[in-house]
Amino acid sequence: MSMSIAEVSEKFKLTQDTLRYYERIGLIPPVTRNKSGMRTYTEEDCRWVDFIKCMRQSAGLPVETLIEYVTLSRQGDATLETRKGLLTEQRTRLAGKIAEMTDTLLRLDDKIERYEQTILKKEQALRPQQD
């Protein structure tokens, strides 16, 4: 099964220019081309696109780190430990960011709760007193 750049673009919600850019800078391995020179994405290529999209957009990993990871991956099994180290380091950083974001979310929830309590008190003060 192979897909055109237009199909991959639609599937992963990335522009064709972004896909070309990812390939040009080494964020994804080179994509095979057909006799006409058109890119034909294999399932493996699509897995790379999906991985890079997730790592960039969802996890916020640096482009440089991902390029290094892809480069190492293309060198084969001799780089397994190094690749694992890169991913482990990024996981630690991401876990730290998640902890910070969780703390921020709790602080926002607390602040919003205070506003809700203040608004509730003001609303109660405006209601006519019932005997």
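How are α4 and α5 oriented to each other, roughly parallel or roughly antiparallel? The legends below take up this question and others, for a predicted model in which local features need pLDDT of at least 70, side-chain atom pairs count only at pLDDT 80 or more, and totals for chains, interfaces and linings use all residues. Residues are numbered from 1 along each chain as its sequence is written, and side-chain values use heavy atoms, with hydrogens and water left out.

View 1. Helices (H or I, at least four residues) and strands (E, at least two) are DSSP runs, numbered from the N terminus. The axes of α4 and α5 lie 9 Å apart and pack at an angle of about 160°, where axes are lines fitted to C-alpha atoms, for helices over the stretch in contact, and angles run from 0 to 180 degrees between N-to-C directions. The two helices are therefore roughly antiparallel to each other; angles under 35 degrees count as roughly parallel, over 145 as roughly antiparallel, 65 to 115 as roughly perpendicular and the rest as oblique. From α4, T65, E68, Y69, L72 and S73 make the contact with T82, R83, L86, L87 and Q90 of α5, contact meaning heavy atoms within 4.5 Å. By class, this contact has four nonpolar, four polar and two charged residues, with Ala, Val, Leu, Ile, Met, Phe, Trp, Tyr, Cys and Pro counted as nonpolar, Asp, Glu, Lys and Arg as charged, and the others, Gly among them, as polar.

View 2. T79 is buried, with a relative accessible area of 7%; buried means under 20% relative accessible area, exposed over 50%, and partly exposed in between (1.4 Å probe, protein chains only). Leaving aside its neighbours within four places in sequence, T79 is in contact with L72 and S73.

**View 3. The packing of helix α3 (residues 43-58) against helix α4 (residues 63-74).** The axes of α3 and α4 come within 10 Å and cross at roughly 150°, which makes α3 roughly antiparallel to α4. On the α3 side, W48, F51, I52, M55 and R56 meet V63, L66, Y69, V70 and S73 in α4. By class, the contact of α3 with α4 has eight nonpolar residues, one polar and one charged.

**View 4. The largest nonpolar core.** A nonpolar core is a set of buried Ala, Val, Leu, Ile, Met, Phe, Trp, Tyr and Cys residues joined through side-chain atoms within 4.5 Å. Of the 23 residues in the largest one, V8, L19, I28, Y41, V49 and I52 touch the most other members. The elements giving two or more residues to this core are α1 (5-12), α2 (16-25), α3 and α4, and the largest share, five residues, comes from α3. Apart from its neighbours within four places in sequence, I52 is in contact with Y22, L27, I28, L66 and V70.

**View 5. I67 in helix α4.** I67 is partly exposed, with a relative accessible area of 23%. Apart from its neighbours within four places in sequence, I67 is in contact with I25, G26 and L27.

**View 6. K13 in the loop between α1 and α2.** The phi of K13 is near 55°, a positive value in a residue other than glycine. K13 is exposed, with a relative accessible area of 66%.
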